[in-house]
Amino acid sequence: MKEKVYTEYGSPDVLQLKEVAKPVPTDDEILIKIHAVSVIRSDWEGLIGKPLYARFGGLFKPLRQILGSDIAGRVERAGRNNQQFQPGDEVFGDILVHMGGFAEYVCVRGKTLALKPANLTFEEAAAIPQAGVIALQGIRDKGQVQPGQKVLINGAGGGAGIFALQLAKLYGAEVTGVDNTGKLDFMRSLGADHVMDYTCEDFTKNGQQYDLILDVVAHRSVFAYQRALRPNGSYFAVGGSIATMFQILLLGAWIRRSTGKKLRILAVQPNLRDLAFITELCEARKVVPVIDRRYSLSEVPEALRYLGEGHAKGKIVITVEQNGKS
Ligand SMILES: NC(=O)c1ccc[n+]([C@@H]2O[C@H](COP(=O)([O-])OP(=O)(O)OC[C@H]3O[C@@H](n4cnc5c(N)ncnc54)[C@H](OP(=O)(O)O)[C@@H]3O)[C@@H](O)[C@H]2O)c1
């Protein structure tokens, strides 16, 4: 089988397409023939080794040499202890702990996988897991968004952002989406009431305040973020700079005591219940897992470059060839 391997942190050029033996599942695993895998920011961060948390487990060299974690495919074999799935089942989910999705096959335990709904394509299913669950936990659970609240999503045109934006609208909020110049119309098309271009406007400096800020690219000081919150407002950092994360950990509780404003890191807990919830919304087309571009397995470097250079509107998906066909 073919897989995309890297042995050092670097640009997409360090990725190589390798021909290796098809993996054999252990008694506890299932062998999945991958049909689609989405490219996520965590793949880019794992490739370049930045921010520092992306080197968790492999400070100088990547611990896992095959990236790709949001997969959709068909079970080809099930180990004898695996009662959950049968050969032929169509499955999807987030295998972040294991990785290995940029390949034709992967063996996993299957605890983080669910049956793929028949009315979603493999590509759509692969676009949902990590981004959808981040957004759900940020908007519904931690954010507890109520109708009429003012919500700002920083990075709203990217993978998690498109789900967060649509969910916040669904929960009745007035939503501001922040992203680059090329994504303003795109965010409007997803329902954003207001859009802001981060390349020419800083949302922490324009005097506006929000009930909730969900930030997938946190990089400012905690004082800037608390300035942009209404009294009792909440800010959640999902991804971003280590410096900002440390500031939140060090000063978040103190800011809350002195101002009533909450600044926290959103530690996402992947789980099948939340995956099912967001997937049902996608099936009902209340939330759309927008796919900007599709690439083949051999084009994983181009796909990562497109995401890393800041062009991706929503999700990027790798369609894995089946019997020589895409
Ligand atoms: N907390 C947790 O438990 C947890 C779990 C899993 C993943 N994560 C993290 O969650 C993040 C998920 O991000 P994602 O998949 O949504 O990434 P993404 O698809 O790359 O989207 C990020 C968006 O933010 C935009 N952006 C870049 N710089 C910006 C700025 N200064 N201001 C506003 N927008 C900006 C990007 O636009 P450009 O195109 O201009 O760059 C892009 O549209 C990753 O950092 C990942 O590591 C966290």
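This note goes through the ligand site, the cysteines and the salt bridges of the structure above.

1. The model is predicted, so local features are taken only where pLDDT is at least 70 and side-chain atom pairs only at pLDDT 80 or more, whereas totals for chains, interfaces and linings use all residues. Residues are numbered from 1 along each chain as its sequence is written, and side-chain values use heavy atoms, with hydrogens and water left out.

2. The ligand has 26 residues around it, of which Arg 41, Glu 45, Asp 179, Tyr 198 and Leu 266 come nearest; a residue is counted as near when one of its heavy atoms lies within 4 Å. By class, this shell holds 11 nonpolar, 11 polar and 4 charged residues, where Ala, Val, Leu, Ile, Met, Phe, Trp, Tyr, Cys and Pro count as nonpolar, Asp, Glu, Lys and Arg as charged, and the others, Gly among them, as polar.

3. Helix 1 (41–48), helix 3 (129–142), helix 4 (159–170) and strand 9 (174–179) each give at least two residues to the shell around the ligand, and the largest share, 3 residues, comes from helix 1. Helices (H or I, at least four residues) and strands (E, at least two) are DSSP runs, numbered from the N terminus.

4. Searching the whole structure gives 0 disulfides, a disulfide being a pair of cysteine sulfur atoms within 2.5 Å. Cys 107 counts as buried because its relative accessibility is 8%, while Cys 200, at 63%, counts as exposed; buried means under 20% relative accessible area, exposed over 50%, and partly exposed in between (1.4 Å probe, protein chains only).

5. Side chains of opposite charge can pair when their charged atoms come close. The whole structure contains 15 salt bridges, each defined as a side-chain nitrogen of Lys or Arg within 4 Å of a carboxyl oxygen of Asp or Glu.

6. Which residue does Lys 116 meet in a salt bridge at 3.4 Å, N to O? The partner is Glu 90, and the pair links distant parts of the chain, 26 residues apart, with Lys 116 in the loop between strand 7 (113–115) and helix 2 (122–127) and Glu 90 in strand 5 (residues 90–94). Lys 116 is buried at 10% relative accessibility, whereas Glu 90, at 25%, is partly exposed.

7. In helix 5 (residues 184–189), Asp 185 and Arg 188 are separated by about one helical turn because they are 3 residues apart, and their side chains form a salt bridge of 2.6 Å, N to O. Asp 185 is exposed at 58% relative accessibility, and Arg 188 is partly exposed at 44%.

8. Asp 202 and Arg 220 form a salt bridge in which the closest N and O atoms are 3.1 Å apart. This pair also links distant parts of the chain, 18 residues apart: Asp 202 sits in the loop between strand 10 (194–197) and strand 11 (210–215), and Arg 220 in the loop between strand 11 and helix 6 (222–227). Asp 202 is partly exposed, with a relative accessible area of 22%, whereas Arg 220 is buried at 15%. Elsewhere, salt bridges that share partners join Arg 74, Glu 90 and Lys 116 into one network.
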